[in-house]
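Hello,

Here is the structure I promised to pass on. Please have a look at it first, and then read my notes below.

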Amino acid sequence: MATDTLASPAGLSHTPTKVMKNFIDGEWIESATGETFENRNPADTRDLVGIFQKSGKADVDDAVEAAKRAFTKWRLVPAPRRAEIVFRAAEILIGRKEEYAQEMTREMGKVLKETRGDVQEAIDAAYYNAGEGRRLFGPTVPSELPNKFAMAVRQPIGVCGMITPWNFPMAISSWKLLPAIVCGNTCVIKPAQDTPLSTFNLVRALTDAGLPKGVINIVAGYGPEVGTPLAEHADVRAISLTGSSAVGRIIGGIAAKSFKHCSLELGGKNPMIVLDDANLDLAIEGGLWGGFGTTGQRCTATSRIIAQKGVYGEFVERYVERAKKLKIGNGLDEATEMGPAVNEKQLLTDLSYVEIGRNEGAKLMCGGNRLDKGEYQYGWFMEPTVFSDVDPKMRIAQEEIFGPVVSIIPCDGMEDAIEIANGIEYGLSSALYTKDVNKAFAAIRDLDAGITYINAPTIGAEVHLPFGGTKATGNGHREGGIGAIDFYTEWKSVYVDYSDTLQKAQIDRGE
Ligand code: UN1
């Protein structure tokens with residue numbers, strides 16, 4: 001693949017800057033706009049990770065045209081053969097896991113342990129979807145008429161558009177691209193402008209595994225210039241977005257006008273309930289991982305902890321003690337536990353919520369400050385931040401922050417906890433810590449969310465189960481597992497009448 005490189009700036013030991021063109025019809029192509037944008041390391045902005053094309057509508061049109069041409073052949077490749085390419089890509093990704101994880105930490109900031117997990121999630125998705133190539137099950141059912149055969153088969157939709165976020169840059173690209181291509185679709189993907197390199201790396205593995213030209217096309221750039229024309233394009237028959245609820249409203253609105261399939265995976269404000277009988281050590285560790293893992297930048301992040309009054313005081317004290325000790329720094333250092341915010345805008349949003357929480361009267365127990373001295377001076381760092389005595393109606397308990405800011409809310413018991421947990425506009429993930437199996441099953445039934453964990457925090461979804469949520473978290477579709485296969489296929493019902501007579505359904509009942 002044609003990747004140019006530039007030397008790294010003096011004093012930095014990182015690998016050189018990558019200069020990436022768009023990937024259209026198997027070729028590396030400069031944007032028609034003639035413009036580019038920079039991808040910098042959020043832990044050290046002197047480190048220029050890559051230069052990418054700042055594309056526009058003309059590039060989207062070219063990519064869709066290429067995908068449309070490729071579809072005429074790709075849809076006819078038997079699904080098990082399509083899936084073999086995906087399987088081979090999984091093996092290639094295993095060999096490149098460390099390289100791609102290092103590059104992801106550089107472009108996104110999360111710690112190496114987590115970027116290795118992100119690449120692993122793409123490997124898992126590849127193995128799962130490779131298996132789907134020999135399933136893609138549909139129902140075969142008896143007909144109500146004699147000598148007639150009835151079944152439903154899955155068919156590809158056509159050209160699919162994908163708009164991906166920066167927090168899981170390879171995993172979420174894989175959740176969309178891999179089921180789409182195994183089902184026989186072709187794709188145009190716009191990776192997040194903060195993290196395009198990881199999507200290129202995933203597609204590089206697929207191309208090296210033998211993916212034909214035009215089946216996946218990458219157009220780098222920004223939402224209004226690339227995402228919007230992609231969603232609007234008449235030849236794009238399905239669009240899948242992971243992003244904020246605000247962007248979801250725009251993309252969903254565009255898709256509705258042309259009756260495109262549209263999958264939206266949006267925001268979260270995920271509650272973790274800790275009841276009096278919980279294993280407190282476990283809940284504290286879980287709450288730290290869920291709250292500050294990925295610097296709180298997961299749509300599944302544990303951003304609200306709802307603790308019952310019997311354990312509330314002890315939980316807050318011990319949780320805050322542990323949060324204060326988290327090691328903040330460059331994710332490339334193995335000792336780092338929490339990296340920077342992805343960019344300046346996100347950092348400013350996080351800090352603005354510290355002010356909002358203070359003004360609302362929540363108790364700031366730790367953190368709240370930007371870190372910009374010494375080793376932090378070139379990055380977008382802040383302290384892990386915990387508010388206690390949070391009222392469930394406060395903005396810090398209602399709005400998605402997407403940063404290392406956790407709100408702890410006291411509650412009276414199970415019923416109260418469920419009401420608080422459900423009292424938000426989102427419904428992605430949820431968690432309950434208890435040793436009482438009755439309460440666990442009641443919570444599984446009553447928490448209004450797409451995912452519920454028992455005795456584990458709100459993060460950690462596995463690729464073979466449906467991923468997504470209720471209310472403002474989405475529009476009813478699911479990624480992962482069979483949910484994605486359902487999204488990327490159209491049902492065709494097939495009736496074969498071998499009676500050699502005209503048989504009329506619902507009418508010829510032999511009565
Ligand atoms: C996200 O939160 O944006 O469940 C995706 C998890 C990961 C995926 C998270 N496997 O935490």
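This is a predicted model: local features need pLDDT of at least 70, side-chain atom pairs count only at pLDDT 80 or more; totals for chains, interfaces and linings use all residues.

Leaving aside residues up to four places away in sequence, Ile181 touches Trp74, Arg82, Val86, Cys187, Leu206, Leu211, Val215 and Ile216. Both Ile181 and Ile216 are among the residues with the most contacts inside the largest nonpolar core, together with Val274, Phe315 and Tyr319. That core has 101 residues. Domain 1 (3-266 + 474-492) and domain 2 (270-454) each give residues to this core, so it lies between them. Another core, of 30 residues, lies apart from it and includes Ala341, Ile356, Ile409 and Leu447.

Next, the sheet. Seven strands make up an open, mixed sheet, ordered β16-β19-β20-β15-β14-β22-β23. Its edges are β16 (363-366) and β23 (451-454), each of which pairs on one side only. From one strand to the next, the twist averages 20 degrees. β15 and β20 run parallel and are joined by five bridges; Arg304 has Ser407 in β20 as its bridge partner. Packed on the sheet is helix α10 (residues 309-325), which touches β14, β15, β16, β19 (385-388) and β20, and whose direction makes about 165 degrees with that of β20.

Finally, helix α13 (residues 414-422) has Met414, Ala417, Ile418, Ile420 and Ala421 as its buried residues. Viewed down the axis of α13, these fall within an arc of 165 degrees, so they line one face of the helix. Their cover includes β14 (270-274), β15 (302-308), β20 (405-411) and α14 (437-446). On the face turned away from the buried side, α13 carries the exposed residues Glu415 and Glu419.

Best wishes

How values were computed: Residues are numbered from 1 along each chain as its sequence is written. Side-chain values use heavy atoms; hydrogens and water are left out. Buried means under 20% relative accessible area, exposed over 50%, partly exposed in between (1.4 Å probe, protein chains only). Helices (H or I, at least four residues) and strands (E, at least two) are DSSP runs, numbered from the N terminus. The arc is that of the directions from the helix axis to the C-beta atoms. Contact means heavy atoms within 4.5 Å. A nonpolar core is a set of buried Ala, Val, Leu, Ile, Met, Phe, Trp, Tyr and Cys residues joined through side-chain atoms within 4.5 Å. Domain bounds come from an automatic or database domain assignment. Two strands pair if DSSP finds at least two bridges between them. Axes are lines fitted to C-alpha atoms, for helices over the stretch in contact, and angles run from 0 to 180 degrees between N-to-C directions.
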